[in-house]
Each structure stands twice: as C-alpha cells, then as structure tokens.
Amino acid sequence: MADHGKVRVRFAPSPTGQLHIGNVRTALYNWLFARKTGGTFILRIEDTDVERSEGRYETQLLADLKWLGLDWDEGPDVGGPYPPYRQSDKMDVYRAYAAKLIQEQKAYYCFCTAEELERERQQALTEQRQPIYSGKCRKLDAGEVERRRAAGEPAAIRLKIPEHPIRFHDIVRGPVEFSNEVVSDPIIVRSSGMPIYNYVVVIDDADMKITHVIRGDDHISNTPKQVAVYEALGLPVPEFAHLSTILGPDRERLSKRHGATSISHFREMGVLPEALMNYLALLGWAPTGGDREIFPTAELIKEFSLERVTPSPAIFDNEKLNWLNRQYIKSSAPPVIHEMGTGFLRQAGLLPASPNGHVSGWANKLIDLLAPYVDRLEQLPERAGIIFKHDPAEFLQSAENAEIFANDDRKAISVLWEFQKRCPDSELAPERFKTIMNEIKTDLSVKGKDLFHPIRIALIGSHSGPDFDRLIPLIEEGSHLQLPVQVKSVHERIREFLTAIEQRRG
RNA sequence: GGCGCUAUCGUCUAGGGGUUAGGACGUGAGAUUCUCAAUCUUAAAACCCGGGUUCGAUUCCCGGUAGCGCUACCA
C-alpha cells in the first residue's frame with residue numbers, strides 16, 4: 001500500500017460537458033477527505049480525448065466547483081509542485097514511460113487493426129468465450145516487429161498482463177480480486193500515438209504522489225488494468241475508494257431525462273450551494289449515529305470519514321434536497337437570500353435592472369415574505385404573482401372563488417362593499433386596516449373565514465396566503481414605487497374586483 | 001454471455017448474533033392560524049429469497065434472485 005504519510009487526493013474530470021452531479025459528489029468526497037485529514041486536494045484536467053474536450057467546459061467546471069464551495073491546493077489555474085495539471089500538456093512524459101515499458105518487455109507493439117480486433121471479439125462472443133485480446137502480437141519476434149515498424153505500419157502499444165490474479169484494496173468495499181484470465185492485455189498507446197486513459201491516469205496519479213484514488217465505481221473494472229500499470233512501472237499502488245453510482249427514481253443511472261443533473265442547473269434553480277453540498281454528502285455517507293441531517297461545511301469536514309461511505313447505489317431524491325434547501329434558505333443570512341432573490345425577480349422582469357434604495361428595500365421585504373413558501377429560489381417570481389398580478393376576472397374563473405361570491409345572502413360581497421367604503425384611496429395603514437376589519441365584524445356580524453376570505457380573494461385571488469399584517473403594507477408600499485410591473489394598491493384591487501363581480505352578473 | 005459491485009421502511013440511511021430495528025425526507029392524522037406555508041405532536045411504513053453455522057440470525061458463511069457497472073485504439 002502506498003503511504004506517503006500525507007494524504008494527497010485528486011479530482012480528475014474530463015472537460016467534455018457540464019459537470020454532472022455524480023462527479024460533483026466524487027469531487028466533494030475527495031475534498032472532504034483532504035480537508036479532514038489535512039491533506040492536499042488536487043484538480044487535474046483529463047483531456048486526452050481531444051475530440052470531445054473543450055476549453056469552455058474547463059472554465060465552467062472550475063467555476064462550478066468554486067460555486068459549490070470547493071477549493072484546490074494544486075490545479076491547472078493555481079499550479080503546484082507536480083505540473084502539468086492538464087494531460088494534454090504532458091504527452092511526451094507518457095511516451096517516455098511507454099518506451100521504457102517496451103524496452104523492459106513489459107509492453108509490446110500490436111499491429112492488429114481495429115477491424116481485426118472487432119472480428120475476434122464477435123467471434124469470441126458467439127462462441128461464448130471471454131472477449132479478451134488473443135495476445136497474438138505478444139509473440140511476435142523482435143526482428144519482425146522491427147521490420148514492420150520500419151515499414152511504417154501503424155502499431156498500438158499493449159501492456160502485458162501478469163499471470164497472476166490482480167488484487168487491490170478498496171476502502172469502501174474491502175479487498176477486491178480479479179483473475180488475470182478476464183483482463184486483456186490493454187492498449188496503453190493508440191496507434192496514433194495518443195495514450196489511453198487507463199494508462200495516463202496511473203502515470204499522473206503516480207507523478208502527483210496521489211495516496212488515495214477516490215472515484216466512481218464505474219472504474220472498478222478498470223482498476224486491475226491500472227494496477228498492472230503501477231506494477232509494470234514499479235510504482236507504489238495507492239489506496240482506492242470506489243463510490244457507488246447515483247441513480248434516478250427508476251433505478252437507472254441518473255441522467256438528463258431525470259431532470260436536472262448538472263451542477264449549474266441546480267444553481268440556476270436557486271439551490272443554495274451549502275444545501276447541495278449537504279445533500280450530496282448525505283447521499284452515500286452518514287455520520288456516526290446517523291441521526292443528524294443538517295451539516296454546514298465545517299461540520300461536514302469534522303464528521304466525514306471514508307470508512308463510513310456506503311457501497312450501495314443511491315437514488316437521488318429531489319424532495320429531500322428541497323427540504324434541505326428550505327432549511328438553508330431559512331437559516332442563511334438575510335442579505336444572501338436578498339441578493340439571490342433579487343436576481344431571480346429581476347430576471348423575471350419584476351424588478352428594474354438597477355433598483356434604487358427604496359425599490360431594493362421593498363424587494364427585500366417581498367423576498368422575506370415569500371421565501372418561507374419556496375423550495376428553490378427560482379419559485380420566487382411565480383410566488384410574487386400575488387403582488388404583481390391582479391386580474392379579478394381570472395380570480396372569478398376559479399370555481400372555489402366564484403362560489404364564495406355567488407352563494408347565500410351576498411354576505412361576501414357586502415364585506416367588500418363595506419371595506420371599499422372605508423378604505424382610503426391614499427395609503428392604507430396597517431392600524432387602519434385592523435380598525436376597518438373590526439368595524440365590519442360588528443356592523444355585519446361576520447367573522448373568521450367569512451370576513452377574511454372575501455378580502456383575500458379580492459386582493460390576491462386566493463383565500464389562502466400570507467398574513468394581512470405583512471401583505472397589506474407590502475402592497476401599499478409597492479403601489480407607490482416605480483416598477484416594471486406596476487403594483488396596484490389595496491383600494492384599486494378591491495374596486496376592480498367589485499367591478500368584475502358586477503360585470504359578471506350583467 | 002463473462003466478470004465485478006450491491007441488497008434494512010416508497011427514498012436517504014443508523015444499527016448489529018438476543019433491540020419495542022433508530023433518525024430524516026415524503027405520506028396520513030391532530031394542534032396552531034382567518035387561510036396557506038412554516039412550526040409542533042403523532043401514526044402507518046423495512047431487514048430480498050433459500051440453505052448453513054449457532055441455543056438464537058436481519059446481522060456471519062454459501063447459493064439463488066434482482067439491480068447496476070465493466071466487457072473500446074472513450075473517459
């Protein structure tokens with residue numbers, strides 16, 4: 001086992017697309033482990049697949065990781081003692097190691113073409129044999145190899161897999177063993193000269209003195225090949241920790257068709273980074289005792305341990321993420337929520353691009369009022385509809401609402417008329433509102449629902465909603481502000497609603 | 001097909017040879033409120049199956065089943 005004393009771990013994504021939530025969790029566990037142990041967290045870009053790698057993805061990847069709250073001690077942007085941190089900058093190193101392996105006869109040139117190999121593979125499959133490489137070119141004599149090379153025949157480089165079972169240790173799963181009979185001699189350098197992932201990853205990890213390889217369990221079957229590379233090169237084999245897959249509700253690997261899967265998508269939905277981090281940490285890991293759910297970052301670092309990571313796959317549960325996000329929305333410092341919330345309202349065209357002091361003060365109150373009602377901040381603009389959208393005709397479309405005004409002795413309508421009569425067309429102060437309500441209560445002898453529901457429906461279109469003591473001042477203050485969507489005053493709302501009722505009766 | 005990994009409430013999980021199998025999300029009920037949300041209380045809800053070991057297995061071992069992964073000159 002590799003033991004350099006000090007922990008060194010890495011997250012090594014390929015810049016081939018949006019950062020997937022499963023990879024983010026891998027990054028997080030690496031980071032938590034490093035921070036917990038006082039080790040080093042390294043970011044490395046794996047871009048040997050030139051076809052699919054793009055610079056813009058790399059830029060976004062770094063931004064996404066930072067947004068989540070992760071930082072790295074070594075990486076392509078910050079440097080470090082074992083550069084380069086981008087594989088594409090390191091080709092000559094890989095070639096040098098490959099040459100060494102050839103020379104030591106631990107690897108050999110393979111002249112088989114892709115078509116030949118595919119044919120052999122299919123053949124093996126139909127004969128129900130193991131579809132592993134026959135080892136044909138392993139037996140080629142040196143002279144022939146030399147001749148064909150000289151003739152310019154393209155050749156890949158294959159590693160010789162040893163004649164014994166390959167074992168490695170996995171912190172999450174314990175000892176793992178693969179029979180050498182199921183492991184082909186893997187290609188380590190393509191005939192184009194471009195090295196293969198399973199090979200470069202080992203060289204990079206070894207060069208960077210990685211002590212613990214923490215990654216997704218889709219790499220488990222690759223690990224024996226990699227261990228063979230370590231052994232051929234005489235390099236110390238690190239500890240492994242293979243993390244289980246994150247599944248969608250249908251128990252299939254979480255993918256785009258399950259909805260949001262990239263970290264930026266969650267950010268756009270108004271999920272707080274702390275909440276996402278907390279949720280991801282809990283997906284596949286639990287603290288001792290397992291009876292606590294809320295873990296701010298510092299606590300997470302304190303409690304985290306790789307030994308407690310669960311080996312079984314986990315289904316991503318949006319409901320629980322929502323719940324956690326709500327907890328973090330409630331416990332976050334108000335300015336944080338104000339700023340984020342304002343962003344969403346502005347984006348929806350409900351606030352001006354650069355609000356003045358009055359407007360932003362009012363917007364903050366609006367956000368305070370609505371935030372407890374949302375799972376994700378992106379829901380804010382829709383919730384703000386109770387303030388910005390006032391359409392009496394539409395309110396009366398609802399059967400539930402219509403019924404309240406259609407029935408009985410027109411009590412609900414009388415309540416509104418009485419309210420209208422007493423409501424000043426200038427600003428309605430909260431104390432004044434209370435007085436009015438009390439007056440109507442005695443004069444018409446209505447109380448409770450019969451009193452409150454008609455008024456709330458007239459104001460916001462639903463008999464349920466926020467407390468009047470908070471709602472009324474907000475509406476009134478908003479109605480005096482210069483906003484992209486003008487807020488109607490209480491007085492206007494009641495008047496227009498009464499008009500709509502009259503019209504409806506014809 | 002082969003190989004590998006996995007298996008506790010619907011979901012995330014704690015636990016572990018003898019437990020009323022614990023917590024959380026979600027769900028139901030109740031309290032509170034004019035109402036909704038929030039909050040509080042409360043209820044229902046789980047050890048995949050079959051063998052073995054054992055006085056006793058959900059726990060340890062073996063097998064089965066199921067799910068997932070790998071089986072590339074992708075990463």
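In chain A, 76% of the contacts with a separation of 6 or more are between residues 24 or more positions apart, two residues being in contact if their C-beta atoms, placed from the backbone, lie within 7 Å. The model is predicted, and local features need pLDDT of at least 70, side-chain atom pairs count only at pLDDT 80 or more, and totals for chains, interfaces and linings use all residues. Residues are numbered from 1 along each chain as its sequence is written, while chains are lettered from A and ligands numbered from 1 in the order in which they are written.

Chain A contains 22 helices and 11 strands; these are DSSP runs numbered from the N terminus, helices being H or I of at least four residues and strands E of at least two. The C-alpha trace of chain A spans about 110 × 50 × 45 Å along its principal axes. The radius of gyration of chain A is 33 Å, whereas a compact globule of 506 residues would have a value near 23 Å (taken over C-alpha atoms, with a globule rule of 2.2 Å times the number of residues to the power 0.38). Of the 506 residues, 36% are buried; a residue is buried if 20 or more other C-beta atoms, placed from the backbone, lie within 10 Å of its own, exposed if 12 or fewer, and partly exposed in between.

An open sheet of 3 strands, in the order β3-β4-β7, shows antiparallel pairing, where two strands pair if DSSP finds at least two bridges between them. Strands β3 (107–110) and β7 (187–189) each have a single partner strand and stand at the edges, so one side of each is left without a neighbour in the sheet. From one strand to the next the twist averages 45°. Antiparallel pairing of β3 with β4 (residues 156–159) runs over 4 bridges, and Ala107 stands opposite Leu159 in β4. Helix α3 (residues 91–103) packs on this sheet and touches β3, β4 and β7, its direction making about 100° with that of β3; axes are lines fitted to C-alpha atoms, for helices over the stretch in contact, and angles run from 0 to 180 degrees between N-to-C directions.

Tyr109 is located in strand β3 and counts as buried because it has 21 C-beta neighbours inside 10 Å. Leaving aside neighbours within four places in sequence, Tyr109 is in contact with Cys137, Val145, Arg149, Ala155 and Ile157.

Strand β5 (residues 166–170) pairs with β6 in the antiparallel sense over 5 bridges, and a hairpin through 3 residues joins β5 to β6. Within this pair, His169 stands opposite Pro175 in β6. Strand β6 is hardly covered, the count of buried residues among its 5 residues being 0.

RNA strand B is surrounded by 65 residues, the closest being Tyr197, Gly290, Ser312, Phe452 and Ser464; a residue is near a strand if its C-beta atom, placed from the backbone, lies within 6 Å of it. Two or more residues of this surface come from each of α4 (114–126), β6 (174–178), β11 (314–315), α11 (318–331) and α20 (449–460). Helix α20 gives the most, with 4 residues.

Two backbone features lie in loops. A cis peptide bond with omega of about -5° joins Pro83 and Pro84, and Pro84 lies between α2 (55–68) and α3. Arg251, although not a glycine, has a positive phi of about 70° and lies in the loop between β10 (246–247) and α8 (263–268).
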